[in-house]
Amino acid sequence: MAAGLRKRGRAGPATRAAGLCGQWLRRAWQERRILLLEPRYTLLVAACLCLAEVGITFWVIHRVAYTEIDWKAYMAEVEGVINGTYDYTQLQGDTGPLVYPAGFVYIFMGLYYATDRGTDIRMAQHIFAVLYLATLLLVFLIYHQTCKVPPFVFFFMCCASYRVHSIFVLRLFNDPVAMVLLFLSVNLLLAQRWSWGCCCFSLAVSVKMNVLLFAPGLLFLLLTKFGLRGAFPKLGICAILQVVLGLPFLLENPVGYLSRAFDFGRQFLFRWTVNWRFLPEALFLHRAFHLALLTAHLTVLLLFALCRWHRTGEGILSLLKDPSKRKVPPQPLTPNQIVSTLFTSNFIGICFSRSLHYQFYVWYFHTLPYLLWATPARWLTHLLRLLVLGLIELSWNTYPSTSCSSAALHACHAVILLQLWLGPQPFPKTITHSKKAH
């Protein structure tokens, strides 16, 4: 009898746990609509999607053929450094000279040794698969803190994108390496670790310069929070890290390193462009066209800084003052203010880019759900937002690009930019509150 009682006692907790689990699953199924629409369930949906992504990424690696594009060139470039060449003008691969900063060299040097001098492609693919999952985790942490995007959208950000899976595990480009460091930087900024965030941001820039598209937004945030004097140490961290990483190459040939690693006038090939296919090639290559794009880029950035980001009622130059000396005391930066400013800054740069190549999709792919859903607009329903995401994905999956695919991409970008301009302010006006306080 006692033995029987003990047996039932042991089974009791397990039975209760199974019952509670069953109740939770039934409740989740009954409330599945809320589960997919409420941002507070982001982590739960993200966990399910990440588990699914493990299987999807593994399947892609083992079932879809790898395509060699730049990997061998990367390995040849870092092999030159391993062999003792520190003159950047002498470092090149099959696709041309080395045109990335020093951080790229060190990271891909590690990949060179981890993949048996770049010959073990399958190992490289598995490393990039881990990098892909790390990127997703960092992005989901950002979305969890902003609490703006309905969880059902994350399916389209993960499992439904063929192009992004291809960039990570079938092409092995350096763009994903830069972006995972950028998203780590954003998470550090959200945690109020500004020095570490700037350090990670600079490290991302040292892998590929596209991360500089986030720089105007970061500068605005630093000035808003610290003023000019307080922002200098953070900007100094970014600058010093670049010098330290590039020091071996700067000592050998400083002009060669700076002109190659930070070549802002680099010319792109028309045959690879995704966004300007509808233009004549002569116009695409013309310097006047590049200057016009740069002017438009800076103008739109300035408009957003003046009218969208800066909402205190004081002039924009008040950002240069110490926060304690401003007429309107600054409020703590919210997660949405940080993320909105950074993602918008990068997106404006994408809109006016001289050329977008297929691997550049990861520059802003994971930010698109936030840009579309964070600023609610009655005229842009869930269905229309999904249509915009679908058209963007279709444009990036059209190879070679066509006039129609490029035009569709620009139309989608225009819709998102209009949504960002007309939506609610990420930085609400505080001048009214200050008057009431007085």
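Y113 is found in helix 5, and this residue makes a handy way into the predicted model. With a relative accessibility of 55%, Y113 counts as exposed, because the cut-off for that label is over 50%. Its C-alpha lies 9.9 Å from that of M75, although Y113 and M75 are 38 residues apart in sequence.

Stepping back to the whole chain, there are 19 helices and 2 strands. The chain runs to 438 residues, and 50% of them are buried. Among contacts with a separation of 6 or more, 78% come from residues 24 or more positions apart.

Aromatic rings come next. A pair of aromatic rings is described by the distance of the centres and the angle of the planes. The chain holds 37 aromatic pairs. Take W71 and F108: their ring centres are 6.3 Å apart and their planes stand at 55 degrees, so this pair is tilted. W71 sits in helix 4 (residues 71-82) and F108 in helix 5 (residues 102-114), so the pair ties together parts that are 37 residues apart in sequence. As for accessibility, W71 and F108 are both buried. Y143 and F154 make another such pair, with ring centres 5.3 Å apart and planes at 50 degrees, so they too are tilted. Here the link runs from Y143 in helix 6 (residues 121-146) to F154 in helix 7 (residues 154-157), 11 residues apart. Y143 is buried, and F154 is buried as well.

Together with Y74, Y100, F104 and F128, they form one aromatic cluster. The charged end of K225 sits over the ring of F226, at 5.7 Å from the ring centre. Likewise, R277 lies over the face of F270, and the distance to the ring centre is 5.0 Å.

Now to helix 8 (residues 162-170), which is mostly covered, with 8 of its 9 residues buried. The buried set consists of R163, V164, H165, S166, I167, F168, V169 and L170. What lies over these residues? The cover includes helix 3 (42-63), helix 6, helix 9 and helix 17 (382-397).

On to helix packing. Two packed helices are described by the angle between their axes and the distance between the axes. For helix 9 (residues 175-190) and helix 10 (residues 194-205), the axes come within 8 Å and cross at roughly 170 degrees. The two helices are therefore roughly antiparallel to each other. On the helix 9 side, the contact is made by A178, L181, L182, L184, S185, L188 and L189, which meet W194, W196, G197, C200, F201, L203 and A204 in helix 10. By class, these residues divide into 12 nonpolar, 2 polar and no charged.

The loop between helix 9 and helix 10 contains Q192.

L303, F304, C307 and R308 in helix 14 meet L417, L420 and W421 in helix 18. This contact has 6 nonpolar residues, no polar ones and 1 charged.

The peptide bond from Y399 to P400 is cis, with omega near -10 degrees, and P400 lies in the loop between helix 17 and helix 18.

Terms used:
Residues numbered from 1 in each chain as written. Predicted model: local features only at pLDDT ≥ 70, side-chain atom pairs only at ≥ 80, totals over all residues. Heavy atoms only, no water. Phe/Tyr/Trp six-rings, centres within 6.5 Å; stacked < 30°, edge-to-face > 60°. Helix = DSSP H or I, 4+ residues; strand = E, 2+ residues; numbered from the N terminus. Buried < 20%, exposed > 50% of the residue type's maximum accessible area, 1.4 Å probe, protein only. Lys NZ or Arg CZ within 6 Å of the ring centre and 35° of its normal. Axes fitted to C-alpha atoms, helices over the stretch in contact; angles between N-to-C directions. Parallel < 35°, antiparallel > 145°, perpendicular 65-115°, else oblique. Contact = heavy atoms within 4.5 Å. Nonpolar A, V, L, I, M, F, W, Y, C, P; charged D, E, K, R; others polar.
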